[in-house]
Amino acid sequence: MRNTIKIRRKAVKMSQADLAELTSVTRQTIIAIENDKYDPSLQLAFKLAEALETNVDELFIFREDKNE
């Protein structure tokens, strides 16, 4: 699953550390999510959307095959 978290985070002028604190995860988790190395739980996805003042549909782009 791809995401637009990094783009959105920068648009609202938020650091990875700030986003991590707001969502109760580590900065390393935010890095992994932004780099498409980790798909967050549904609960975390909603926390990310809330912290970034958007909705889940705007943050995540589903794709079945990572080779696409």
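User: Is Thr23 buried or exposed?
Analyst: In this predicted model, Thr23 is buried, with a relative accessible area of 1%.

User: Where does Thr23 sit?
Analyst: Thr23 belongs to helix H2, which covers residues 16-23.

User: And what does Thr23 touch?
Analyst: Not counting residues up to four places away in sequence, Thr23 touches Ile30, Leu44, Lys47, Leu48 and Ala51.

User: Which residues of H2 are buried?
Analyst: Gln16, Leu19, Ala20 and Thr23 are buried in H2. Seen down the helix axis, the buried residues of H2 fall within an arc of 100°, so they line one face of the helix.

User: What is exposed on the other side of H2?
Analyst: Glu21 and Leu22 are exposed there.

User: Which helices do the buried residues of H2 pack against?
Analyst: They pack against H1, H3 and H4.

User: What follows H2?
Analyst: Ser24 follows H2, and the phi of Ser24 is positive, near 60°.

User: Now the core. How many residues does the largest nonpolar core have?
Analyst: The largest nonpolar core has 15 residues. Those with the most contacts inside this core are Ile5, Leu19, Leu48, Leu52, Leu59 and Phe60.

User: Which helices each supply at least two residues of this core?
Analyst: H2 does, as do helix H3 (27-34), helix H4 (42-51) and helix H5 (56-59).

User: Which one gives the largest share?
Analyst: H4 gives the largest share of this core, with 5 residues.

User: Take Ile5. Where is Ile5 found, and is it buried or exposed?
Analyst: Ile5 is found in helix H1. Ile5 is buried, with a relative accessible area of 1%.

User: What is Ile5 in contact with?
Analyst: Leaving aside neighbours within four places in sequence, Ile5 is in contact with Leu19, Ile33, Glu34, Leu48, Leu52, Leu59 and Phe60.

User: What separates the C-alpha atoms of Ile5 and Arg63?
Analyst: The C-alpha atoms of Ile5 and Arg63 are separated by 16 Å, and the two residues are 58 residues apart along the chain.

User: Phe60 was in that contact list. What does Phe60 touch?
Analyst: Phe60 touches Met1, Arg2, Asn3, Ile5, Pro40, Ala45 and Leu48, again not counting residues up to four places away in sequence.

User: Charges next. How many salt bridges does the count come to?
Analyst: The count comes to 1 salt bridge. The side chains of Arg9 and Glu34 meet in it, at 2.6 Å, N to O. Arg9 lies in helix H1 (residues 5-11) and Glu34 in helix H3, so the pair ties together parts that are 25 residues apart in sequence.

User: Why can side chains like that pair?
Analyst: Side chains of opposite charge can pair when their charged atoms come close.

User: Are Arg9 and Glu34 buried or exposed?
Analyst: Arg9 is buried, with a relative accessible area of 6%. Glu34 is buried too, with a relative accessible area of 11%.

User: Last one, Thr29. Where is its place?
Analyst: Thr29 is in helix H3. Thr29 is partly exposed, with a relative accessible area of 23%.

User: What does Thr29 touch?
Analyst: Thr29 touches Tyr38 and Leu44, not counting residues up to four places away in sequence. A polar contact of 3.0 Å also joins the side chains of Thr29 and Thr26.

User: And what separates the C-alpha atoms of Thr29 and Asn55?
Analyst: The C-alpha atoms of Thr29 and Asn55 are separated by 19 Å, with the residues 26 residues apart along the chain.

Notes:
Residues are numbered from 1 along each chain as its sequence is written. This is a predicted model: local features need pLDDT of at least 70, side-chain atom pairs count only at pLDDT 80 or more; totals for chains, interfaces and linings use all residues. Side-chain values use heavy atoms; hydrogens and water are left out. Helices (H or I, at least four residues) and strands (E, at least two) are DSSP runs, numbered from the N terminus. Buried means under 20% relative accessible area, exposed over 50%, partly exposed in between (1.4 Å probe, protein chains only). Contact means heavy atoms within 4.5 Å. A nonpolar core is a set of buried Ala, Val, Leu, Ile, Met, Phe, Trp, Tyr and Cys residues joined through side-chain atoms within 4.5 Å. A salt bridge is a side-chain nitrogen of Lys or Arg within 4 Å of a carboxyl oxygen of Asp or Glu. A polar contact is a pair of N or O atoms within 3.5 Å; within protein, one must be able to donate a hydrogen and the other to accept it, and residues adjacent in sequence count only if both atoms are side-chain atoms. The arc is that of the directions from the helix axis to the C-beta atoms.
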